[in-house]
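The sequence and structure come first.

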Amino acid sequence: MSDRLLVLVRHGQSEWNLKNLFTGWKDPDITAQGVDEAKRAGKLLKEKGFTFDIAFTSELTRAQRTLSLMLEQLGQTNIPVTKNLALNERDYGDLSGLNKDDARKKWGEEQVHVWRRSYDIAPPGGESLKDTLARTLPYYVQEILPGVLRGERTLVAAHGNSLRALIMVLEKLSPEAILKRELATGAPIIYRLNADSTVESKADLAN
């Protein structure tokens, strides 16, 4: 019986998470806390007996470093790792690099809330969650899912919104429901899939 395992992990705390900045496609590293979160995630997976055949991550440092630290803890630094911008965080456009409080002062609390929490309204020069899904989902379907269905145990380290796009599809969530889903940094979500790609079971590993 093949083990159709898919594990999703949001990167550890980044320097800009700590400073309350919109990050998007900007490329800060993770903090000391983020390093600890990534190591704990790898350790947790190892303690639970998980091993992986392949891993995917974005083209951004914070996700790549998180994945690297997890694989070190797992003792699996030799597995193939694929990096692709399809898994990058949502592009926040003109908001990128701004302090969230400063953005509220500039555009107003309500407008910034709309940009952050609506499904299909993008900030100036950036992407909505719908846009993020439009690039992330085809990559998942074409590059990640076939391996999972073949029994390749797969680890994905990415970002809050690119992972939300995958979770929305995996868990059949509405746009309203996925916007309310908070993803903790460095906390693995374990999916086992049926042969038809639907979810057989889901478990959260608390960090």
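## Basis

This is a predicted model, in which local features need pLDDT of at least 70 and side-chain atom pairs count only at pLDDT 80 or more, while totals for chains, interfaces and linings use all residues. Residues are numbered from 1 along each chain as its sequence is written, and side-chain values use heavy atoms, with hydrogens and water left out.

Helices (H or I, at least four residues) and strands (E, at least two) are DSSP runs numbered from the N terminus.

## Val7

Val7 is part of strand E1, residues 5–10. Its relative accessibility is 0%, so Val7 counts as buried; buried means under 20% relative accessible area, exposed over 50%, and partly exposed in between (1.4 Å probe, protein chains only).

Contact is defined as heavy atoms within 4.5 Å. Neighbours within four places in sequence aside, Val7 touches Leu45, Phe52, Thr154, Leu155, Val156, Pro188, Ile189 and Ile190. Lys105 lies elsewhere: its C-alpha atom is 38 Å from that of Val7, and 98 residues separate the two along the chain.

## Salt bridges across the chain

The structure has 13 salt bridges, a salt bridge being a side-chain nitrogen of Lys or Arg within 4 Å of a carboxyl oxygen of Asp or Glu.

One of them joins Arg192 and Asp3, with an N to O distance of 2.4 Å. This pair links distant parts of the chain, 189 residues apart: Arg192 is in strand E5 (residues 189–193) and Asp3 is in the segment before E1. Arg192 counts as partly exposed because its relative accessibility is 27%, and Asp3 counts as partly exposed at 29%.

Asp29 and Arg65 form another salt bridge, with their closest N and O atoms 3.3 Å apart. Here too distant parts of the chain are linked, 36 residues apart: Asp29 sits in the loop between helix H1 (15–18) and helix H2 (32–47), and Arg65 in helix H3 (residues 61–74). Both are partly exposed, Asp29 at 23% relative accessibility and Arg65 at 33%.

Lys105 and Asp102 form a salt bridge whose closest N and O atoms are 4.0 Å apart. The two are three residues apart in helix H4 (residues 100–107), which means that about one helical turn separates them. Lys105 is exposed, at 69% relative accessibility, whereas Asp102, at 42%, is partly exposed.
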